[in-house]
Amino acid sequence: MSDQNIIGFASELVDSVKNGTKTLTYRLGDKYDFLKPGDVIKTKDSSTGEVFGELTITEKSVCEFKDLALDLPRHEAYSNLEDARQSFERLYNRPVKDDERVVILKFKFKSL
């Protein structure tokens, strides 16, 4: 299965996805721009590669990083934009620019 057909989550977020406290994800770039509400995509633990469920996309929006909402419900909150930038830079292992595209996906989780 192509990595484009799977959304990965950092190990520390997997339980939040599974128990429904996390139902929103931010993704840099346009890798997941093809997704639209109603689409179903598998999800995995990025550290182990273990596929642990499916996500049904319920909403999608796009913004630039500098306009990212820092405290949306069902997503980990950031104290400020620099806090968010540091988190993204750690996850993506690269610098994050203000004008970068962010795809925002709301989803429903289903175990496999």
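**View 1. Strand β2 pairs with strand β5 in the antiparallel sense.** In this predicted model, strand β2, covering residues 24–28, and strand β5, covering residues 101–111, are joined over 5 bridges. Here two strands are said to pair if DSSP finds at least two bridges between them, and strands (E, at least two residues) and helices (H or I, at least four) are DSSP runs numbered from the N terminus. Within this pairing, Thr-25 stands opposite Leu-105 of β5. Residues are numbered from 1 along each chain as its sequence is written, and side-chain values use heavy atoms, with hydrogens and water left out. Because the model is predicted, local features need pLDDT of at least 70 and side-chain atom pairs count only at pLDDT 80 or more, whereas totals for chains, interfaces and linings use all residues.

**View 2. Strand β4 runs antiparallel to β5.** Strand β4, made of residues 51–64, is joined to β5 by 11 bridges.

**View 3. Five strands form an open sheet with mixed pairing.** The strands of this sheet follow the order β1-β3-β4-β5-β2. Strand β1 (6–9) and strand β2 stand at the edges and have a single partner strand each, so one side of each is left without a neighbour in the sheet. From one strand to the next the twist averages 45°, where axes are lines fitted to C-alpha atoms (for helices over the stretch in contact) and angles between N-to-C directions run from 0 to 180 degrees.

**View 4. Helix α2 has its buried residues on one face.** The helix has 12 residues and reaches 16 Å from its first C-alpha to its last, close to the 16 Å expected at 1.5 Å a residue, the expected span being 1.5 Å times one less than the number of residues. Its buried residues are Ala-84, Arg-85, Ser-87 and Phe-88, where buried means under 20% relative accessible area, exposed over 50%, and partly exposed in between (1.4 Å probe, protein chains only). Seen down the axis of α2, these buried residues fall within an arc of 165°, so they line one face of the helix; the arc is that of the directions from the helix axis to the C-beta atoms. What covers them includes β2, while Gln-86 and Arg-90, on the other side of α2, are exposed.

**View 5. Arg-85 is a buried residue of helix α2.** Arg-85 is found in α2, which spans residues 81–92, and has a relative accessible area of 11%. Its side chain reaches the backbone oxygen of Val-96 at 2.7 Å, a polar contact being a pair of N or O atoms within 3.5 Å; within protein, one must be able to donate a hydrogen and the other to accept it, and residues adjacent in sequence count only if both atoms are side-chain atoms. Leaving aside neighbours within four places in sequence, Arg-85 is in contact (heavy atoms within 4.5 Å) with Phe-65, Val-96, Lys-97 and Asp-98.

**View 6. Asn-80 caps the N-terminal end of α2, and Asn-93 comes just after the helix.** A side-chain oxygen of Asn-80 lies 3.0 Å from the backbone nitrogen of Glu-82. Asn-93, in the loop between α2 and β5, takes a positive phi of about 55° and is exposed, with a relative accessible area of 71%.
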